[in-house]
Amino acid sequence: MSKTMIEDLPHLRLNLLTGERILVSPHRSKRPWQGQVEKLSNETRPTYDPACYLCPGNTRADGSQNPQYTDSFVFVNDFSALLSDTEEAVMDEEQLLVAETARGICKVIAFTPRHDLTLAEMSVAEITKVVGVWKREFVDLSRTEWINYIQIFENKGAIMGCSNPHPHGQIWAVNALPEELKKEDNRQREYFEKHRRSLLSAYLEVELEKQERILIDNPHFVVMVPFWAAWPFETMIVSKRHIQDISQFTEEEEAALAACLQELCIRYDNIFSTSFPYSAGMHQAPVNSGPQEHWHWHMHFYPPLLRSATVKKFMVGYEMLANPQRDITAEKAAEIIRNQSTTHYKQQHDQ
């Protein structure tokens with residue numbers, strides 16, 4: 001059966017990084033929608049909000065006062081999910097009730113003092129400074145011997161559970177490799193041991209040759225809709241150079257990543273002329289764990305919007321009980337994103 005015929009029929013796609021499969025059902029993309037419709041927020045935020053916990057000079061919930069920062073601002077989360085001084089303890093009752101304590105450091109990064117901006121509306125130079133902060137924090141946290149993995153991520157938008165609209169992200173440094181990273185670690189290690197090259201280097205070659213899902217291609221990074229994407233407009237950024245983590249970025253790579261982030265986020269916003277929500281984060285090699293040559297740095301974007309600014313994809317039912325399912329194909333999603341202007345819709349309206 002030809003590839004074209006497969007793409008028109010319900011089919012399963014393999015996620016190379018996890019070994020899991022995604023059900024694609026392209027024939028369902030025209031089904032009527034009478035389900036949940038999200039509220040559309042068209043609020044115009046001020047450049048400074050005196051009630052915001054992240055704006056410069058303001059007092060946070062725990063009583064701490066922010067400095068009058070001019071670029072980015074980093075601090076330990078006032079309501080951290082993990083604590084650095086947690087004592088080791090294990091629970092194991094007949095190998096049925098099993099638990100152990102978790103230890104970590106959770107930080108918040110305010111990307112900019114401007115309350116009204118997002119990555120899509122920041123300049124490449126401003127985003128490059130954020131990338132530099134990510135890199136410095138990664139290097140600094142990796143010096144703590146008990147830390148095994150450092151997760152850099154951003155939740156954008158109330159629909160993604162973001163509790164503060166001020167542009168910011170987080171870093172969680174933890175003492176054990178998280179479950180999603182274990183899957184990717186195993187798959188990348190298995191491929192590298194067999195082929196002596198990284199899994200994502202080989203995958204990049206195929207994607208660049210086909211050009212079906214490529215969105216951005218600059219000298220240092222490729223942005224694409226992965227073949228196995230589960231979320232409607234899911235994307236992935238992969239470094240062209242086989243490097244393990246952000247600490248290895250050159251200054252040129254930092255600026256190139258910033259350019260990718262800005263363009264991708266602008267294209268996202270332009271799809272539905274709204275501030276596009278997402279959860280995004282880097283996946284990179286564990287730290288303090290010996291050689292990790294099988295790892296290849298990459299970054300995932302998981303946006304929930306499906307049909308409009310007010311209709312999102314729900315991962316429920318079959319997705320929760322069996323495996324993820326999507327209607328719009330990765331190729332169609334890539335076409336939609338590619339067709340968006342690289343000028344932000346707000347600037348278009350101002351012209």
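## The cavity

A search of the whole structure, which is a predicted model, finds 1 cavity of 30 Å³ or more. The largest cavity has a volume of about 30 Å³. Rolling a probe the size of a water molecule over the atoms shows where empty space is left.

The residues that line the largest cavity are L119, W134, I152, F153, E154, A280 and M299. By type, this lining divides into 6 nonpolar residues, no polar residues and 1 charged residue. Strand β7 gives the most to the lining, with 3 residues.

## The second largest pocket

The second largest pocket holds about 520 Å³ of space. Its lining is made up of 24 residues, and E180, W231, H283, H300 and Y302 are the ones that lie nearest the centre. The lining of this pocket divides into 10 nonpolar, 8 polar and 6 charged residues.

Which elements each supply at least two residues of this lining? They are β7 (149-156), α3 (179-195), β12 (278-283) and β13 (298-302).

## I150 in strand β7

I150 lies in strand β7. Is I150 buried or exposed? Its relative accessible area is 1%, so I150 is buried, since buried means under 20%.

Leaving out residues up to four places away in sequence, I150 touches F138, L141, S142, I171, W172, A173, Q284 and V287. I150 and E180 are 30 residues apart along the chain, and their C-alpha atoms are separated by 13 Å. E180 is one of the residues that lie nearest the centre of the second largest pocket.

## H115 in a loop

H115 is placed in the loop between β6 (104-110) and α2 (124-142). With a relative accessible area of 3%, H115 is buried.

The side chain of H115 makes a polar contact with the side chain of H166, at 3.3 Å. When neighbours within four places in sequence are set aside, H115 is in contact with R45, P46, T47, Y48, D49, C52, C55, N164, P165, H166 and P167.

## Q244 in a loop

Q244 is found in the loop between β11 (235-239) and α5 (251-272). Its relative accessible area is 15%, so Q244 also counts as buried.

What does the side chain of Q244 reach at 3.2 Å? It reaches the backbone oxygen of W295. W295 is also among the residues that Q244 touches, not counting residues up to four places away in sequence; the others are Q284, A285, Q292, E293 and W297. One of these, Q292, is 48 residues from Q244 in sequence, yet the two are 7.0 Å apart in space, C-alpha to C-alpha. Q284 is touched by Q244, and Q284 is touched by I150 as well.

## Helix α5

An α-helix has 3.6 residues a turn, so residues three or four places apart point the same way.

Helix α5 is mostly covered, with 16 of its 22 residues buried. Just after α5, S273 takes a positive phi of about 50°.

Key: Residues are numbered from 1 along each chain as its sequence is written. This is a predicted model: local features need pLDDT of at least 70, side-chain atom pairs count only at pLDDT 80 or more; totals for chains, interfaces and linings use all residues. Side-chain values use heavy atoms; hydrogens and water are left out. Helices (H or I, at least four residues) and strands (E, at least two) are DSSP runs, numbered from the N terminus. Buried means under 20% relative accessible area, exposed over 50%, partly exposed in between (1.4 Å probe, protein chains only). Contact means heavy atoms within 4.5 Å. A polar contact is a pair of N or O atoms within 3.5 Å; within protein, one must be able to donate a hydrogen and the other to accept it, and residues adjacent in sequence count only if both atoms are side-chain atoms. On a 1 Å grid over the protein atoms alone, a cavity is a set of points where a 1.4 Å probe fits but cannot get out, and a pocket is an open set with protein on both sides within 12 Å along at least five of seven lines; lining residues have an atom within 4 Å of a point. Grid points are joined across faces, edges and corners, and a volume is the space filled by probe spheres set on the points. Ala, Val, Leu, Ile, Met, Phe, Trp, Tyr, Cys and Pro count as nonpolar, Asp, Glu, Lys and Arg as charged, and the others, Gly among them, as polar.
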